[in-house]
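Please open the model in your viewer and keep the selection panel at hand. We will go from one stop to the next, with a note on what to select each time.

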Protein chains: 2
Amino acid sequence: MDKIIITIGRQYGSGGKEIGEKLAKEFGIPFYDKELLTEAAKKSGICKEMFEPHDEKPTNSFLYSLVVGSYASGTTPLNHKLFLAQFETIKEIAEKGSCVILGRCADYALEDNPNTVNVFIHADMETRISRGIEYYGLDAKKAEDIIIKTDKQRSSYYNFYSGKKWAEAESYDLSINSGKLGIDKSVKLIKAFVEMARK
Amino acid sequence: MDKIIITIGRQYGSGGKEIGEKLAKEFGIPFYDKELLTEAAKKSGICKEMFEPHDEKPTNSFLYSLVVGSYASGTTPLNHKLFLAQFETIKEIAEKGSCVILGRCADYALEDNPNTVNVFIHADMETRISRGIEYYGLDAKKAEDIIIKTDKQRSSYYNFYSGKKWAEAESYDLSINSGKLGIDKSVKLIKAFVEMARK
């Protein structure tokens with residue numbers, strides 16, 4: 001039977017990670033988030049710790065490096081190396097078997113894979129702030145700041161590398177307002193989509 | 001039991017209208033598209049024929065009328081009148097009972113209605129061109145031209161009147177790639193969403 005490959009993009013605080021984890025459990029398949037980075041780190045030979053500050057934080061230093069010519073001179077900037085390492089790892093993981101992959105332009109890396117279902121999870125700001133308070137112990141103001149900043153970073157990263165537009169319906173097969181549906185029902189709906197798309 | 005109110009935004013050629021019609025049939029509730037315009041025409045006293053050329057064709061003449069001052073001088077431009085008439089009609093229809101409403105910023109008109117589920121249907125260009133050829137008897141080039149032009153009009157209309165962004169995931173509760181899922185399964189998925197959201 002065909003593999004199940006699900007990629008999940010998400011707004012910060014929308015519960016996208018929890019949905020991805022539960023979905024993976026539901027299908028009995030592996031879930032990749034930071035684990036993916038670890039694999040990429042191992043493969044590329046770049047120390048794992050070096051991945052952390054660059055993870056989904058995109059273009060500034062890359063653009064800067066273009067300007068100062070390090071790219072043109074043949075040395076590939078670090079965050080671009082990280083992207084390429086992750087890109088290859090995502091492809092290899094999906095080649096091996098069914099999985100759920102969170103963020104990191106996985107939909108772009110797997111765009112030639114017909115089994116892939118690309119999902120985007122979003123929610124109204126109120127729901128996301130509540131989640132920030134409840135799950136991450138933030139106060140409301142801090143939660144809102146982090147939401148705005150993180151989504152901006154994710155958007156820049158995605159738009160820069162994938163050539164698609166982050167959070168635009170057209171970039172995904174299925175986009176869900178988890179604020180309206182809740183976490184568990186969002187999992188159920190994605191499962192229904194995946195099962196219907198496979199028939 | 002609570003009413004079922006579903007609004008559908010869609011890319012041209014994505015099958016959004018067919019999905020809306022089938023969904024309404026599935027739930028046994030009325031479907032509004034051009035019918036809505038007729039009701040609005042009747043209510044506002046503006047001749048029905050006058051609605052047709054302005055339907056979802058937005059801002060140019062409205063912006064022009066702002067520039068030349070007809071708006072400031074107290075006369076409301078025609079296409080703005082049409083929008084307001086449709087806006088009120090949508091609210092009244094949703095007040096009366098369950099329904100599916102296609103396009104026309106219905107999601108915005110009903111944003112205070114907690115029963116509303118806002119759906120967006122999109123598809124890859126290839127699927128949409130095929131649909132243009134099959135359903136509207138167009139050739140491929142003509143189909144592509146109409147797709148691009150119509151979506152531009154819908155986007156301008158929606159962005160101008162609703163203050164939200166057309167085709168952005170965040171503007172809807174559920175966005176589906178009908179090119180991946182097909183028409184009948186998209187209907188099924190929306191039905192599942194609506195039923196889950198009501199529990």
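Which residue in S5(B) is the bridge partner of A:Ile176? Select A:Ile176 and look across to S5(B): the partner is B:Leu174. Before going further, keep in mind that this is a predicted model.

**Stop 1**

Now show strand S5 of chain A, residues 174-177, together with S5(B): the two pair in the antiparallel sense over 3 bridges.

**Stop 2: the whole sheet**

Next, colour the strands of both chains. You can follow an open sheet of 10 strands with mixed pairing, in the order S2(A)-S3(A)-S1(A)-S4(A)-S5(A)-S5(B)-S4(B)-S1(B)-S3(B)-S2(B). At its edges are S2 of chain A and strand S2 (31-32) of chain B, each pairing on one side only.

**Stop 3: the two chains together**

Chain B superposes on chain A by a rotation of 180° with 0.0 Å of shift along the axis, at an RMSD of 0.0 Å. This is the relation of a two-fold axis. Both copies use the same surface, as 100% of the contact residues of chain B recur in chain A.

**Stop 4: the interface**

Select the residues of each chain that touch the other: 27 residues of chain B are in contact with 27 residues of chain A. Between them the chains bury about 2200 Å², with 59% of this on carbon and sulfur atoms. Highlight B:Lys180, B:Leu189 and B:Met196, which supply 27% of the area that chain B buries against chain A, more than any other three residues.

Which elements of chain B give two or more residues to the side that touches chain A? Select strand S4 (116-122), strand S5 (174-177), helix H9 (178-181) and helix H10 (183-198) of chain B to see them. H10(B) gives the most, with 7 residues. Colour this side of chain B by residue class and you will find 14 nonpolar, 5 polar and 8 charged residues.

**Stop 5: a salt bridge inside chain A**

The structure holds 22 salt bridges over all chains. For one of them, select A:Asp33 and A:Arg104, whose side chains meet at 3.1 Å, N to O. A:Asp33 lies in the loop between strand S2 (31-32) and helix H2 (34-44) of chain A, and A:Arg104 in the loop between strand S3 (99-102) and helix H6 (106-109) of chain A, so the pair ties together parts that are 71 residues apart in sequence.

Conventions: Residues are numbered from 1 along each chain as its sequence is written. Chains are lettered from A and ligands numbered from 1 in the order in which they are written. This is a predicted model: local features need pLDDT of at least 70, side-chain atom pairs count only at pLDDT 80 or more; totals for chains, interfaces and linings use all residues. Side-chain values use heavy atoms; hydrogens and water are left out. Contact means heavy atoms within 4.5 Å. Buried area is the accessible area (1.4 Å probe) that two parts lose on being put together, summed over both. Helices (H or I, at least four residues) and strands (E, at least two) are DSSP runs, numbered from the N terminus. Ala, Val, Leu, Ile, Met, Phe, Trp, Tyr, Cys and Pro count as nonpolar, Asp, Glu, Lys and Arg as charged, and the others, Gly among them, as polar. Two strands pair if DSSP finds at least two bridges between them. Copies are superposed by least squares on the C-alpha atoms of residues with pLDDT of at least 70 in both. A salt bridge is a side-chain nitrogen of Lys or Arg within 4 Å of a carboxyl oxygen of Asp or Glu.
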